[in-house]
Every structure is written in C-alpha cells, then in structure tokens.
Amino acid sequence: MRPFKFTPVTDAASAIALLAKNEHARFIGGGTNLLDLMKEDVERPNELIDISRLGITKVSTILTGNHSGGVSIGAVGKNADTANHPLIRQKYPLLAQAILAGASAQIRNMATNGGNLLQRTRCPYFYDVAMPCNKRQPGSGCGALEGINRMHAIFGWSEHCVAVYPSDMSVALAALGATVKVRGTAGQERSIAFTDFHRLPGNTPERDTNLAHGEMVTAIELPPDNFAGNSYYLKVRDRASYAFALVSVAAALELSGSRIVNARIALGGVAHKPWRAFAAERLLAGKEATEANFLLAAAEEMKSAKPLGHNLFKVELGKRAIVRSLQMAMNK
Amino acid sequence: MQQAKKLTGMPVDRIDGILKVTGKASYATDYPVKNIAYAVLFKSTIAAGSITSIDTSEAEKVPGVLSVITHLNAPKLNVKGGLRGGALLQGPEIEFHGQHIGMVVAETFEQARYAARLVKVSYRQTDAKVDFAKLADRAVPPKDRGMADVKRGDTAAALRNAEVKVEEIYQTPIEHHHPLEPHSTIAVWEGDHVTLYNGSQIVNGAQTAAAATLNLKPGNVRIVSPYIGGGFGSKGGQWANLVLTAVAAKVVSRPVKLALSRQQMFNSVGLRQRNIQKLGIAATKDGKLTALAHETTTHVAINSEFLEPCGDCSKVMYDVPNSLITYRVVPLNIILPTYTRGPGKSTGSFALESAMDELAFKLNMDPIELRLKNQPAVDPSDGKPWSSRSTIQCLKEGARAFGWEKRNPVPGKTIQGDYLVGYGVACGSYPARQRESSAIVRLTAKGPDVRATIELAASDLGTGTHTILAQTAADGLGLPIDKIHIRIGDSDLPPAAGSVGSVGAASFANAVNDACRKITDELVVKSGKQFFVAPTAAQLMISERINSYEARVDAKPPVSANQYSSHSFNANFAEVWVNRSTGMVKVARFLAVTGAGKILNPKTARSQIIGGNVWGIGMALTEESVIDTRWGNFITRSFADYHVPANLDIGSMETIFINEEEKFSNTLGVKGIGEVGIVGVAAAVVNAIFNATGKRVRDLPVTPDKLL
C-alpha cells in the first residue's frame with residue numbers, strides 16, 4: 001500500500017472541497033472495496049477523505065417533489081441497516097433482498113450505500129497489476145477479452161473492456177427506477193437517473209460512472225411505486241453465499257388482474273452496469289402474465305447478447321433466470 | 001488415589017479449546033519477539049525465462065527499508081537441502097509464474113510491502129509450457145519408480161470381451177490447500193543458531209530441511225510450532241519462505257517476520273495438480289468385476305517431480321482379476337504440486353467411484369449391491385490379509401441410517417418444487433500406518449499431587465493432537481486429564497513423525513502409550529514389590545514417595561504391522577437438491593460412515609471427518625484454480641474467486657464410526673482419519689447429482705453452468 005494522508009471530515013461541503021482540490025484523493029466510507037484495491041496496488045490515492053462520519057445515513061420518506069411518497073436512503077448508511085430498515089423491508093422488499101444477496105454479513109455491516117454503487121469490477125485482470133487492463137491502466141489492453149472470461153459481460157461490452165459490474169443492490173435500484181442525488185463543488189445538487197449513473201465501457205473503461213471528480217453521492221431516492229406485491233431478486237452463483245452473480249435478475253411487476261401493466265427487469269453479472277432488460281419489459285407490457293410470455297420476453301432480451309469465449313452459458317442461464325424471477329414475483 | 005476413568009474413546013473437549021477461543025494459543029507469528037523487522041516477498045511476472053536486470057533503487061529509498069534481497073546479493077544456499085519448490089533466490093532462472101524473485105526487509109510490514117511494489121524487473125522470456133490440456137498427449141512415464149505401471153492379468157482383453165463396461169475420462173482441476181493461517185515464519189538468530197517459529201506438520205522434517213538448506217547442522221536449527229492454523233499437506237514439506245525468513249534475519253541482523261499474503265499462497269506452497277483419469281471397468285452381466293484400468297495423466301514441475309497417486313484406491317477397493325494402474329506426466333512451468341488432503345485417493349476415488357456408479361446404472365443394479373458383490377477377501381495388490389476392513393458394515397449401516405431404500409433408482413424422477421432430489425453413494429480408503437516416534441514422560445509428585453509432562457516433537461494441525469495425547473497419557477498413567485501437560489511442536493523435544501498421511505494419531509499416541517507403560521514398569525521394578533492388581537504410575541509415585549521420575553521410548557510399529565494390509569475405509573452418502581431453473585446444487589444431507597479402528601476421541605474425530613467431507617463437497621461443486629495459459633498465472637487469486645464452500649452450502653452433516661477392532665497395525669489399534677474423510681466424497685455428491693438429474697458430470701467442479 002502506498003503512503004497516503006487520512007483526512008476525517010464532518011461536513012459535506014469541506015469533504016467535496018478537499019476532494020476537488022486533489023485529483024488523487026478518494027472518499028472512503030466503509031472501505032470494503034477501496035482498501036482491498038489499495039493493498040493490491042490497483043487504487044493508488046495519496047489522500048483518503050473519510051466521509052463515514054457525515055451523518056447522511058437516514059432512511060426516510062420523501063415528503064416533497066416528484067418522488068414524494070418515495071423513500072430516500074442516505075449515502076453513508078450501512079448496507080445491513082438499509083436492508084433491515086422497516087421502510088425498505090415493507091415498501092421495497094426487492095431492494096432488501098438484493099442487498100442481502102450480496103457479500104457477507106461482515107461486509108454488509110461495514111459497506112455504505114454510496115460505496116456499494118461505486119464499487120469496482122472484480123475482474124481478475126483488473127485486480128492483478130501484472131496483467132493488462134484498460135480499466136486500471138488505459139491503453140494496456142483487455143486481459144479478459146481473449147482470456148478467462150467466464151464471469152464477464154454478454155451485453156454492452158467493447159473490445160476495450162468486457163468486465164461486469166458486481167453490485168447486487170444496484171440491480172434492484174435499476175429495476176425500481178431509483179435516482180442518485182449528487183452534490184457538486186459549488187454546493188449545487190443534481191439527480192441522476194439510475195440507468196444513467198453507471199456507464200458502458202466504450203473506449204473509456206476507466207470511467208465506471210458519470211460522477212465527476214469533486215462530486216459526492218449524498219442519497220439514493222426511490223420512487224413511490226414500489227412493486228412491493230410482485231417482485232423478486234434471483235441470484236445465480238457458484239456457491240450459496242459470498243459469491244458474485246453469474247447472472248442475477250431483479251424482477252418487478254405491476255399487475256391488473258393477470259395482465260401486466262408495467263414490468264421492470266434488471267440483470268446483474270452480464271454488463272458493465274446494471275442491465276435494464278428494456279426489450280423484455282416492452283414485450284411484456286400489456287400482456288398476460290404467463291410462462292409463455294415470460295419465455296418470449298426472456299428470449300427477446302437475449303437476442304442482443306454477445307457471449308465471449310467462456311460465458312455462452314450466461315445466455316441460457318439469463319433466459320431461465322428471467323423466467324424464474326418473473327414466476328417468483330407472481331407467486332407472492 | 002482413585003484410578004481415573006478411561007478417557008480414550010471418550011468425547012473429551014479439546015484441552016486447548018479455551019486457549020484458542022480466547023486468543024491465547026500462540027501461532028507462529030504470534031510470538032512476542034523484540035526488535036523485529038518485516039520481510040515481504042516479490043514474485044516473477046513471467047512463467048519461463050530469466051531475469052536480465054533488477055532495479056531496486058526506488059525500493060531502497062523508501063523510509064524504513066533495511067534491505068532488498070535478490071539473487072544478486074542473496075547468501076549462498078544449498079538448493080538440494082530438502083525444501084520443496086525451489087525459488088530460493090539463487091539465480092536468475094524463472095521456472096513458473098509467481099516464483100519468488102526477491103524480498104524487501106523493512107521496519108514495518110507496510111513499508112516492506114510498498115517498497116516491494118517499486119522494484120523494477122526485466123526478463124528474457126522463453127516459451128512457457130503451461131497449457132496442460134494441449135500438452136497432455138506428450139506425457140511420459142514418471143521418474144518415481146513407485147509410480148511405475150502396475151499390471152495384473154490382461155486388462156485390455158477383459159475390457160474388449162466385457163459383457164458390460166464403462167470407459168470414461170474424469171477430470172479434476174488444480175486445487176489449493178488454503179489453510180486459514182497462511183504460511184508465516186519468525187526467524188531469530190543467536191550466533192550460528194537460528195530459531196524458526198513456523199507452522200510445521202513435520203517438525204523434524206522442517207528442521208532437517210532448513211538446516212541442510214542453510215548449510216547448518218540440524219542441531220543449529222530449532223523449529224517451534226505448537227499450534228498450526230491448518231495445513232492440509234502444504235505445511236508437510238516446507239517451502240522457500242521458511243528459509244528465506246532466516247536469510248532475511250541474517251542479512252539485517254535482526255529477528256524477521258515473513259507472512260505470505262493470500263494472493264501469494266497460490267504460487268508459493270504447492271497445489272493439488274490437475275488430473276485426467278481414464279477409467280475402464282468391465283463386468284459380467286450379474287455385476288462381477290472382470291477388469292479395472294485406471295490411467296492418470298497429470299503435470300509436474302519443470303525440474304522436479306511430484307504426482308499424487310490417483311490409482312491407489314483402485315488397487316485395494318475391489319476384487320478384480322485384471323488390473324492396470326498407470327501414470328504419465330508432463331513437466332510444466334507451474335509450481336511443484338504437493339501432498340493435498342487425501343493425496344491421490346480423493347481425486348482417484350472421484351474417478352473410480354463415479355465409474356462404479358455408471359456401471360451400476362448400466363447393470364440396472366443398486367450401486368451398494370454392486371460394491372458388496374466385489375469386496376476382496378485379501379488385499380488384491382499384494383495378497384496380504386486385511387488387518388481389519390469394514391467396508392461392508394460402512395455400506396450397510398450407512399444405507400440404514402441414511403434411508404437409502406427411499407432412493408428412486410430412476411434418475412430425474414424425484415421432484416420437490418423447484419428441485420430435483422437425488423441420492424448418491426461412494427466408498428473410499430486410506431492406508432493406516434504407525435511411524436517411529438519417540439516420547440518422554442516426566443512425572444512429579446508433591447504429596448498426593450502427581451503431575452505428568454509429555455514431550456515429543458509431534459504437531460497439532462488443529463485436529464486435536466494435544467487432546468488425544470492427554471487422554472492417552474491420563475489412561476496410561478492413571479491420572480486425571482488436568483494433571484497432564486502436553487509439550488509438542490518443538491524440535492528440541494524427542495523426534496516424532498508428522499501430522500501427514502494419516503499417521504499422526506497412530507504414531508504419536510502409541511509412542512505416548514508406550515512411554516506410559518515403560519514408566520509404570522520401571523516404577524514397579526523400582527518399588528521392589530509384587531502386586532496382585534497392577535498399580536498405575538500415579539499410585540506408585542505416591543506409594544513409593546518418589547518426587548520425580550522420567551522415561552523415554554523410541555516407539556516402533558509392531559512386527560505384525562508388516563504382515564497385514566491396513567487401511568481405513570468409508571462409505572459416503574449424499575442427498576442433493578438441484579435447482580431445475582438455475583442448476584445450483586445444495587448438498588442437503590451428507591453421511592460419512594468410517595471404519596478406522598480405535599477412535600481415540602469421537603468428538604474431535606467427528607470434526608475432522610466433517611472437515612474432510614466439506615472439502616470433498618468443495619471439490620465436487622466449487623473449488624478450482626484457473627490458469628491463463630497465455631501467461632501461466634492464476635486468475636483465481638483470492639477467496640472471492642477460489643470458492644471454498646460457505647456455511648450456506650453445507651446442510652446436515654452426520655458421522656458414524658464403525659466399532660472396529662484393529663489388532664495388528666499398532667498397539668492402540670488406531671488407523672487414522674485425517675485423509676479418509678475426503679476420500680469418496682466428491683463421487684458421492686456427483687453420483688447424487690446424476691440420480692437427481694440424469695446428468696453425468698465428469699469434470700469437476702459441478703458449477704451451475706454444467707447442469708443447464
């Protein structure tokens with residue numbers, strides 16, 4: 001680990017000002033991902049600004065604005081506290097399920113909500129500084145493209161990067177249509193739709209998100225339509241806990257009788273960002289909630305999949321996971 | 001004084017349990033050593049070639065750095081001193097990716113780790129041989145004469161003329177041991193004498209190898225290793241890190257601590273090699289085996305050889321007139337493989353016992369019935385009688401306890417909601433041996449308070465050696481267990497065998513038992529009296545008013561040991577639930593039934609069997625170390641990528657020990673359980689998956705994608 005300065009802060013404005021001043025500084029919340037990356041010499045910040053004491057941890061009902069009736073989640077709240085909060089459990093069980101499907105109990109107790117959104121890929125070529133990786137070292141090449149890519153993307157990848165984004169929580173947030181509240185250097189706030197928060201790799205895989213240096217995630221806002229009655233998070237992985245998804249699906253349905261008014265489907269483990277299955281969603285809107293339609297929708301989404309050398313199975317697994325998660329969403 | 005109640009065979013709590021859960025048991029790097037410096041290794045980023053230059057100038061400038069040691073300035077060592085895997089910084093040659101090429105010694109661990117990142121290395125690369133799948137057809141017979149072809153009868157003809165046969169290829173991946181405690185050492189020099197605090201499964205072996213490598217007499221090296229945080233074979237033979245710690249301490253003239261990181265564990269301390277096993281089994285229509293051919297192809301290091309004996313179980317499990325066991329190896333630029341729990345037997349039994357299940361299915365015969373039908377009366381490999389063998393009882397009692405009669409023999413027919421349910425069975429074995437070990441018993445008495453200290457250079461991997469030796473001594477001396485002090489894990493103590501190859505309990509406990517007998521006999525003679533009822537040593541210390549007395553034995557196995565074939569045997573039963581949509585497998589129930597002679601402590605024994613079972617489930621379902629053949633590096637470098645089973649992966653675990661009398665292999669009748677717990681486990685799980693789904697998976701691990 002390279003030497004670094006540790007700067008605790010107690011207010012957001014000075015945290016943002018400090019970060020803006022130093023392009024090699026990073027915020028640290030729970031540190032569950034950043035410290036690992038520093039030990040491996042992947043992240044090399046010269047200053048850590050500790051925002052874990054900012055107090056922006058609350059889970060609360062939004063009373064005004066276009067998300068009125070929804071719920072706001074503080075960026076520095078812990079993953080475990082968020083998943084177990086009564087408002088989340090009752091109104092957004094999909095989110096609680098997704099958070100609890102991720103990592104281990106110990107990590108969830110440390111990890112923050114904002115940090116969860118900003119965690120970096122677990123691609124082994126990214127983690128090993130002896131390997132080429134455009135995300136870690138732009139221009140060095142993608143080790144995984146022609147390498148061991150069983151865990152890698154089938155959607156939205158580029159020749160520069162085939163990594164997948166690892167968060168479970170974000171898959172549910174994408175399905176639920178959350179927005180990310182961000183504060184900038186001049187104190188101005190902006191909201192970013194969840195689907196616009198993370199990026200596809202293109203030719204700048206070093207950038208995971210559309211957050212600018214100097215901006216801080218302060219909260220995640222969930223809209224009032226919560227799909228609480230018909231949602232399910234299905235995670236398929238190599239072991240029953242503490243493993244990243246081969247494929248995961250956050251499925252949520254708004255039903256009128258047996259007819260689907262609105263379907264939300266997001267996939268994890270398949271792309272550089274939580275992958276909203278818009279093609280499947282469009283196909284299901286207005287249709288009967290039947291297994292046959294679920295199969296058609298899953299097949300439609302997978303038409304655009306481009307598997308790599310070792311992950312062809314994700315196409316079939318993705319189809320099955322979409323169908324199964326929609327069925328589970330119905331069985332509630 | 002009342003004679004204590006017999007403790008051997010009782011489920012006594014670990015005598016070191018409180019020490020461990022309160023953090024008071026000192027593992028290697030827990031020893032408080034003053035003025036210590038820290039060493040961090042750095043490693044090659046190519047798999048074959050040589051170093052052309054190393055620039056350490058940036059690293060040396062880091063505050064706190066005391067020395068950067070590479071092949072350019074390392075002291076001369078004896079590379080043939082008995083350490084495994086080379087990598088001793090004696091030259092520029094690179095034989096595998098991740099070979100140690102140097103180390104930084106600094107005031108703090110963080111400084112050393114940071115400086116190690118700043119070393120710049122240039123290489124001349126040569127063609128690395130790492131792609132086993134591509135090179136397997138160039139495999140040659142091994143140099144090890146113990147691994148030469150073993151033929152009995154005419155297997156080819158029997159297979160050709162078989163009424164029913166199975167001929168299939170089974171593959172197992174590279175696995176790593178990954179003990180919870182990574183390999184760690186503290187080295188302290190006093191003149192030309194060095195003390196090495198180091199987890200060592202074979203204390204005297206570590207001493208001999210370290211001394212020879214350092215060009216010292218064995219007496220100039222002391223190994224201290226009372227507690228070990230697991231080893232599974234990787235701390236049996238010792239590796240470069242042990243001696244490099246001593247080298248670093250010598251260079252900086254201070255005590256040095258060196259602990260491998262989890263990432264470094266992948267290419268520092270050996271591995272279980274990848275095996276391609278070709279099985280051919282022939283049988284008559286009524287299920288009598290006529291031929292068994294077990295041909296293994298694997299990889300060894302580029303300049304040294306180790307291969308696990310995958311064909312061993314096939315030598316002893318079944319009565320078959322025609323048999324062929326062969327090995328072929330390819331030298332690769334991958335770290336030297338080494339002993340890994342149930343070496344050869346765990347992976348070999350996966351192939352053999354899967355093939356037996358396939359044969360039973362083809363014969364339309366219950367797989368237990370097929371096994372019962374082919375039990376050998378004597379060891380088929382050498383004609384020796386069994387010292388004891390309980391395979392039949394293991395199968396029968398296991399079937400009863402597991403509810404085998406509920407199994408539907410037709411695959412894919414048992415459906416529970418989202419799941420396909422299946423039952424599987426598989427057997428295993430592991431040789432039982434007592435090895436020479438010495439032990440001292442020291443008795444002291446203050447009035448009626450008699451205490452004993454037991455000393456021998458044994459080792460405790462965490463399996464309960466301290467406890468079983470205390471039980472043995474308590475019974476042997478007639479003392480309560482809390483009057484027994486066990487001193488092991490120190491090469492200054494009488495030499496002993498190691499905790500390897502399932503020999504630990506038999507070797508150590510028999511030595512302690514012999515020492516207790518000897519001291520009792522000597523005390524009787526010393527008393528000059530004749531007794532109608534034999535007194536205990538403790539009673540004699542009191543009655544004869546002796547303040548202190550000691551005895552030493554150099555215990556050896558009895559002559560009868562050589563006249564019999566001795567193995568522990570088991571039968572494993574698995575119930576799996578396979579998710580029909582996702583292919584995820586849950587082992588809902590697992591039962592291991594083991595015949596291993598005298599079980600000294602059923603509580604610690606059960607834990608050890610379950611530990612082996614869990615790793616076997618990992619072998620079946622999750623564990624695999626993957627190499628990128630372009631560079632020869634492991635891409636599964638952490639527990640996020642190398643999947644050992646987590647709590648949620650393991651269901652109900654049951655253990656039964658057969659009440660087995662073992663009279664010939666050693667005095668106490670102990671056959672050992674360290675290895676056999678993993679043997680036959682993967683096959684039981686995979687056979688259950690076949691019963692659940694109708695899918696036969698022959699390459700491990702069975703990840704969800706293989707069941708779609």
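In what order do the strands of the open sheet of chain A stand? The order is β9-β10-β11-β12, with antiparallel pairing in this open sheet of 4 strands. Strands (E, at least two residues) and helices (H or I, at least four) are DSSP runs numbered from the N terminus, and two strands pair if DSSP finds at least two bridges between them. β9 (231-237) and β12 (275-276) of chain A each have a single partner strand, so one side of each lacks a neighbour in the sheet.

The model is predicted; local features need pLDDT of at least 70, side-chain atom pairs count only at pLDDT 80 or more, and totals for chains, interfaces and linings use all residues. Residues are numbered from 1 along each chain as its sequence is written, while chains are lettered from A and ligands numbered from 1 in the order in which they are written.

β11(A) (residues 259-268) runs antiparallel to β12(A), joined by 2 bridges. A:Ala266 is placed opposite A:Arg276 of β12(A). Helix α5(A) (residues 93-101) packs on the sheet and touches β9(A) and β10(A) (245-256). Contact requires C-beta atoms, placed from the backbone, within 7 Å. The direction of α5(A) makes about 15° with that of β9(A). Helix α13(A) (residues 313-331) also packs on the sheet, touching β9, β10 and β11 of chain A. Its direction makes about 35° with that of β10(A).

The axes of α5(A) and α9(A) (residues 169-176) come within 7 Å and cross at roughly 160°. Axes are lines fitted to C-alpha atoms, for helices over the stretch in contact, with angles from 0 to 180 degrees between N-to-C directions.

How values were computed: Contact = placed C-beta atoms within 7 Å.
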